[in-house]
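Please read the following note alongside the sequence and the model. The points are numbered so that each may be answered separately.

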Amino acid sequence: MDISNTLDQKNGIKIVAFLCNWCSYGGADAAGTARLKQPPQVRIIRIPCSGWINPLYPLKAFNEGADGVLISGCHPGDCHYAEGNYYARRRLEVLGHFLPFMGIDPQRFRYSWISATEAQEWQTLIIEFTEKIRELGPIKKHVEVS
């Protein structure tokens, strides 16, 4: 998965959002259709299901310059693929605990459940997350010592 072209913003913070095709992407799209204000710092990557997310994808996003990563899928019990969001929740919870060992503040990572009918909830979520990342500032890169 190549996300480097997604993170071409020169100024400010950069946020990558991996959204489930069936629910969260629909919620984000509905917010756009309703002309609800959304932060321009967010780059959305549509995925078939939150259960299909490899925990390495958020890590790769951080490695390639993302200051924050959001993953959102269907509400538990409403997954188009029956159990995908249950698998995602387990993997992402473990990933969240692993981030400090990699020098990444866990507040820079979030996962959530947004349905296609929750445009207002999407707007609230993405604005709050963007404000938190803006508060934390750009992620600091580690310098290798020879």
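1. The side chain of T130 has a polar atom 2.7 Å from the backbone oxygen of I126, a polar contact in the sense of a pair of N or O atoms within 3.5 Å, where within protein one atom must be able to donate a hydrogen and the other to accept it, and where residues adjacent in sequence count only if both atoms are side-chain atoms. T130 belongs to helix 4 (residues 119-136); helices here are DSSP runs of H or I with at least four residues, strands are runs of E with at least two, and both are numbered from the N terminus. T130 is buried, at a relative accessible area of 1%. Buried means under 20% relative accessible area, exposed means over 50%, and partly exposed lies in between (1.4 Å probe, protein chains only). Beyond its neighbours within four places in sequence, T130 is in contact (heavy atoms within 4.5 Å) with I13, I15, P39, Q41 and V42.

2. On the basis of the work: this is a predicted model, in which local features need pLDDT of at least 70 and side-chain atom pairs count only at pLDDT 80 or more, while totals for chains, interfaces and linings use all residues. Residues are numbered from 1 along each chain as its sequence is written, and side-chain values use heavy atoms, with hydrogens and water left out.

3. On the overall architecture, the chain holds four helices and four strands. Read from the N terminus, the order of elements is β-α-β-α-β-α-β-α. Of the 146 residues, 45% count as buried. Of the contacts between residues at least 6 apart in sequence, 79% join residues at least 24 apart. The chain exposes about 8100 Å², with carbon and sulfur atoms supplying 53% of that area; accessible areas come from the Shrake-Rupley method with a 1.4 Å probe, and for residues only the protein chains shown count as cover.

4. How many of the residues of strand 3 are buried? In strand 3 (residues 68-73), six of six are buried. G68, L70 and S72 point one way, V69, I71 and G73 point the other way, and all are buried.

5. Strand 3 runs parallel to strand 1 (residues 15-20), to which five bridges join it; two strands are taken to pair if DSSP finds at least two bridges between them. L19 has S72 of strand 3 as its bridge partner. Strand 3 is likewise joined by five bridges to strand 4 (residues 109-113), also in parallel, and there L70 has R110 as its bridge partner. Between strand 3 and strand 4 the chain passes through helix 3 (residues 84-98), and this β-α-β crossover is right-handed, in that, with the strands pointing away from the viewer, the path from the first strand over the helix to the second runs clockwise.

6. Helix 1 (residues 24-33) has S24, G26, G27, A28 and A31 among its buried residues. The elements that cover the buried residues of helix 1 include strand 1, strand 2 (42-47), strand 3 and helix 4.

7. Most residues other than glycine have a negative phi. R35, which is not a glycine, has a positive phi of about 60°. R35 lies in the loop between helix 1 and strand 2 and is exposed, with a relative accessible area of 75%. A82, likewise not a glycine, has a positive phi of about 75°. A82 is found in the loop between strand 3 and helix 3 and counts as partly exposed, at 48% relative accessibility.

8. On the cysteines, a search of the whole structure finds zero disulfides, a disulfide being a pair of cysteine sulfur atoms within 2.5 Å. For C79, the nearest cysteine sulfur is that of C49, 3.8 Å away, and C79 is in no disulfide. C79 is buried, with a relative accessible area of 11%; C74 is buried as well, at 3%.

9. G84 lies in helix 3 and is buried, with a relative accessible area of 7%. Not counting residues up to four places away in sequence, G84 touches C49, S50, G51 and C79. The C-alpha atoms of G84 and P48 are separated by 9.9 Å, the two residues being 36 apart along the chain.
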